[in-house]
Amino acid sequence: MLSLMTAMLLGLSSTPALTEEEWFFLLSGQSLTCLRDHAGDYAPKPGETLFIRVSDCGTANMKGQDFADMVVNSAPDIEVAEADSPDAVVAFLASDFECLASLPLPEDDTLVAYYPERCAVEARD
């Protein structure tokens, strides 16, 4: 019994501290390129956050919106997306568009993770 208690205490003491994971947007290279190419159309003000439907980029419906404008006064349509599905909506600052202008982006449907905080794009498997 004592060895079991010792093992449990050792297991608890060796548990690593939880770290905060870095957040990213998962998008196709084509979608990220579209957002970069249309940065002037979105024209966010410094410090302003734009919520953008990725599927609207390059269409007549293309515009950045306030989050409250995107919310419908009805019950939510909740769907659980697959882990590797691209994000439908992104929240971009003016600095995110500036960052995208300096990054080499794939122009195909390859999935990439865009890390706004460190201005980086990484290919996803």
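1. Throughout this note, a residue is called buried when its relative accessible area is under 20%, exposed when that area is over 50%, and partly exposed in between, as judged with a 1.4 Å probe and protein chains only. The model is a predicted one, in which local features need pLDDT of at least 70 and side-chain atom pairs count only at pLDDT 80 or more, while totals for chains, interfaces and linings use all residues. Residues are numbered from 1 along each chain as its sequence is written, and side-chain values use heavy atoms, with hydrogens and water left out.

2. On the overall fold, the protein contains 5 helices and 5 strands, where helices (H or I, at least four residues) and strands (E, at least two) are DSSP runs numbered from the N terminus. Read from the N terminus on, these elements follow the order α-β-α-α-β-α-β-α-β-β. Of the 125 residues, 29% count as buried. The accessible surface, computed by the Shrake-Rupley method with a 1.4 Å probe, comes to about 8800 Å², and carbon and sulfur atoms hold 56% of that surface. Among contacts (heavy atoms within 4.5 Å) with a separation of 6 or more, 64% are between residues 24 or more positions apart.

3. For Leu 32, leaving aside residues up to four places away in sequence, the residues touched are Leu 27, Phe 92, Leu 100, Leu 105, Val 112, Tyr 114 and Val 121.

4. The structure holds 2 disulfides, the criterion being a pair of cysteine sulfur atoms within 2.5 Å, and with bonded cysteines counted along the chain they follow the pattern 1-2, 3-4. In one of these disulfides, the sulfur atoms of Cys 34 and Cys 57 are 2.1 Å apart. Cys 34 belongs to helix H2 (residues 29–37) and Cys 57 to the loop between strand E2 (50–53) and helix H4 (67–70), so the pair ties together parts 23 residues apart in sequence. The torsion about this S-S bond is about -100 degrees, so the disulfide is left-handed. Both ends are buried, Cys 34 with a relative accessible area of 17% and Cys 57 with one of 11%.

5. A disulfide also joins Cys 99 to Cys 119, with an S to S distance of 1.9 Å. This pair links distant parts of the chain, 20 residues apart, with Cys 99 in helix H5 (residues 94–101) and Cys 119 in the loop between strand E4 (111–115) and strand E5 (120–123). The torsion about the S-S bond of Cys 99 and Cys 119 is about 105 degrees, so the disulfide is right-handed. Cys 99 is buried at 7% relative accessibility, whereas Cys 119 is partly exposed at 29%.

6. Thr 33 deserves a look in the viewer. This residue is found in helix H2 and counts as buried, at 7% relative accessibility. Apart from residues up to four places away in sequence, Thr 33 touches Leu 105, Pro 106 and Glu 107, and its side chain reaches the backbone oxygen of Pro 106 at 3.2 Å. The C-alpha atoms of Thr 33 and Leu 103 are separated by 9.8 Å, although these residues are 70 residues apart along the chain.

7. As for charged pairs, a search of the whole structure finds 3 salt bridges, each defined as a side-chain nitrogen of Lys or Arg within 4 Å of a carboxyl oxygen of Asp or Glu. Arg 118 forms a salt bridge with Glu 22, the closest N and O atoms being 2.7 Å apart. Arg 118 lies in the loop between E4 and E5 and Glu 22 in the loop between helix H1 (2–13) and E1, so this pair ties together parts that are 96 residues apart in sequence. Glu 22 is partly exposed, at 35% relative accessibility.

8. Arg 118 is also paired with Glu 122, with the closest N and O atoms 2.8 Å apart, and Glu 122 is partly exposed at 33%. Through shared partners, the salt bridges join Glu 22, Arg 118 and Glu 122 into one network. Elsewhere, the side chains of Arg 36 and Asp 37 meet in a salt bridge at 3.1 Å, N to O, where Arg 36 is partly exposed at 21% relative accessibility.

Technical notes:
A polar contact is a pair of N or O atoms within 3.5 Å; within protein, one must be able to donate a hydrogen and the other to accept it, and residues adjacent in sequence count only if both atoms are side-chain atoms.
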